[in-house]
Amino acid sequence: MPFTRSALAAVLTLASATRTSAFSSVGILRQRGCAAMPVLSAASISSTTALHANVKKLSEPAKYLLPNVDVFIFDCDGVIWRGDSVIEGIPETLAKLRSLGKKMFFVTNNSTKSRKGYKQKFDSLGLDVPAEEIFSSSFAAAAYFEQTKFKDTGKKVYVVGEVGIQEELDMIGVPHFGGPQDAGKQPDMGPGCAVSHDPDVGAVVVGFDRHINYYKIQYAQLCINENPGCEFIATNLDAVTHLTDAQEWAGNGSMVGAIKGCTGKEPTVVGKPGPLMIDYLCDKLNLDRDRICMVGDRLDTDILFGNDNGLKSLLVLSGVTSEEKLLSEKNTITPDFYADSIVDFFMDENAKVGSVV
Ligand SMILES: [Mg+2]
């Protein structure tokens with residue numbers, strides 16, 4: 001369900017009232033689908049032996065990328081950090097972008113932390129990023145409930161997920177339960193036993209949950225299948241994630257898949273690639289989508305998010321997507337261009353001082 005303008009205004013009001021916000025005006029600008037074409041001329045990009053002839057590797061960014069982009073939206077995991085390690089050269093790159101007057105926002109599908117929690121993570125990695133520049137899917141879930149005036153229904157939310165969703169729901173005063181409090185619970189499955197559920201649950205939110213168990217799945221199933229009108233909300237559908245930098249780990253797609261499997265229902269997705277977060281930003285800042293570049297490491301969320309919402313898109317190879325996968329004939333999602341990392345935004349400058357790019 002897309003955000004409506006009135007709902008966005010309501011969320012803005014909420015943000016102003018309940019938390020620090022960098023935004024103070026509401027502007028409306030929709031140019032969906034108008035800016036998905038590559039912005040770099042043929043002369044500015046180096047052809048590859050790509051199976052996808054239209055996918056170009058970035059070169060000469062100072063001439064062709066930076067002058068054409070006012071706002072960078074960065075995915076976090078695989079772009080800014082991997083697991084708990086900041087990617088080499090990122091602090092300096094962000095500082096250079098700020099010195100050029102570029103706006104930047106950090107949008108993550110990871111719902112395990114609230115915006116406050118992500119601010120602490122940025123701080124711990126030595127990255128000076130204001131909380132107002134951070135958008136997580138846990139925040140998006142809360143924004144969705146504001147849009148739909150869920151609080152007015154008097155219903156509760158059952159959470160399959162972690163503390164980030166709970167903290168964001170607390171910020172907007174929506175009652176909830178489940179989450180970490182149901183970790184370790186096991187239903188009694190002896191003869192005649194049943195799990196009793198609250199008939200006043202009006203929505204189930206499913207986010208990444210390192211402590212998902214059969215009790216939570218059963219409870220969510222009962223709410224969605226038996227409570228009339230109970231909504232099924234997914235923060236995101238990411239297949240894999242980076243819990244550590246040693247391997248890929250099953251992402252929230254696996255948690256959502258479990259609930260889909262026992263309900264036959266499709267969720268409302270509030271994180272990427274859904275339009276909620278970009279609509280929120282554009283409406284508040286009156287941004288020209290043609291001058292926004294979405295930067296991410298994942299094709300089916302980040303790049304799809306950029307392409308579907310009229311933004312420029314750039315894939316970095318510092319995360320989950322390899323160049324081989326990007327250029328495979330099986331891949332149907334293509335960015336406008338790609339780079340090894342956002343450090344390459346200053347490749348000319350780096351080359352002058354002898355850095356490897
Ligand atoms: Mg990522």
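This is a predicted model: local features need pLDDT of at least 70, side-chain atom pairs count only at pLDDT 80 or more; totals for chains, interfaces and linings use all residues.
Helices here (H or I, at least four residues) and strands (E, at least two) are DSSP runs, numbered from the N terminus. Residues are numbered from 1 along each chain as its sequence is written.

Let's begin with the whole chain. It has twelve helices and 16 strands. A residue is called buried if 20 or more other C-beta atoms lie within 10 Å of its own, exposed if 12 or fewer, and partly exposed in between, with C-beta atoms placed from the backbone. Of the 357 residues in the chain, 46% are buried. Two residues are in contact if their C-beta atoms, again placed from the backbone, lie within 7 Å. Among the contacts in the chain with a separation of 6 or more, 71% join residues 24 or more positions apart.

Now to the annotated residues. In the unreviewed UniProt entry, the annotation "active site" covers Asp-75 and Asp-77, and the annotation "binding site" covers Asp-75, Asp-77 and Asp-297. UniProt positions are given in the numbering used here, feature names are shortened, and annotations may be inferred rather than shown by experiment.

Where does Asp-75 lie? Its place is the loop between strand 2 (71-74) and strand 3 (81-82), and Asp-77 lies in the loop between strand 2 and strand 3 as well. Asp-75 is buried because 26 other C-beta atoms are within 10 Å. Asp-77 has 22 C-beta neighbours inside 10 Å, so it counts as buried too. Leaving aside neighbours within four places in sequence, Asp-75 is in contact with Val-107, Thr-108, Val-295, Gly-296, Asp-297, Arg-298 and Asp-302. With residues up to four places away in sequence not counted, Asp-77 touches Arg-82, Thr-108, Asn-110, Thr-241, His-242 and Gly-319.

From here, turn to helix 5 and the helices it packs against. Axes are lines fitted to C-alpha atoms, for helices over the stretch in contact, and angles run from 0 to 180 degrees between N-to-C directions. Helix 5 (residues 137-147) packs with helix 9 (residues 276-285) at an angle of about 75°, their axes 10 Å apart. The two helices are therefore roughly perpendicular to each other; angles under 35 degrees count as roughly parallel, over 145 as roughly antiparallel, 65 to 115 as roughly perpendicular and the rest as oblique. Ala-140, Ala-143 and Tyr-144 of helix 5 meet Leu-276, Met-277 and Tyr-280 of helix 9. By class, this contact of helix 5 with helix 9 has six nonpolar, no polar and no charged residues. Ala, Val, Leu, Ile, Met, Phe, Trp, Tyr, Cys and Pro count as nonpolar, Asp, Glu, Lys and Arg as charged, and the others, Gly among them, as polar.

Helix 5 also packs with helix 6 (residues 163-172), at an angle of about 35° and with the axes 8 Å apart. The contact is made by Ser-138, Phe-139, Ala-141, Ala-142, Phe-145 and Glu-146 of helix 5 and Gly-164, Ile-165, Glu-168, Leu-169, Met-171 and Ile-172 of helix 6. The residues of this contact of helix 5 with helix 6 divide into eight nonpolar, two polar and two charged.

Nine of its ten residues are buried, so helix 9 is largely enclosed by the rest of the structure. Among the buried residues of helix 9 are Ile-278, Leu-281 and Cys-282, and also Asp-279, Asp-283 and Lys-284.

Finally, here are some backbone details. Most residues other than glycine have a negative phi, and most peptide bonds are trans. The peptide bond from Lys-272 to Pro-273 is cis, with omega near 10°, and Pro-273 lies in the loop between strand 13 (268-269) and helix 9. Helix 9 is followed by Asn-286, whose phi is positive, near 55°. Asn-286 sits in the loop between helix 9 and strand 14 (292-296), and it counts as exposed because it has 11 C-beta neighbours inside 10 Å. Glu-60, a residue other than glycine, has a positive phi near 50°. Glu-60 lies in the loop between strand 1 (56-57) and helix 2 (61-64) and is partly exposed, with 16 other C-beta atoms within 10 Å.
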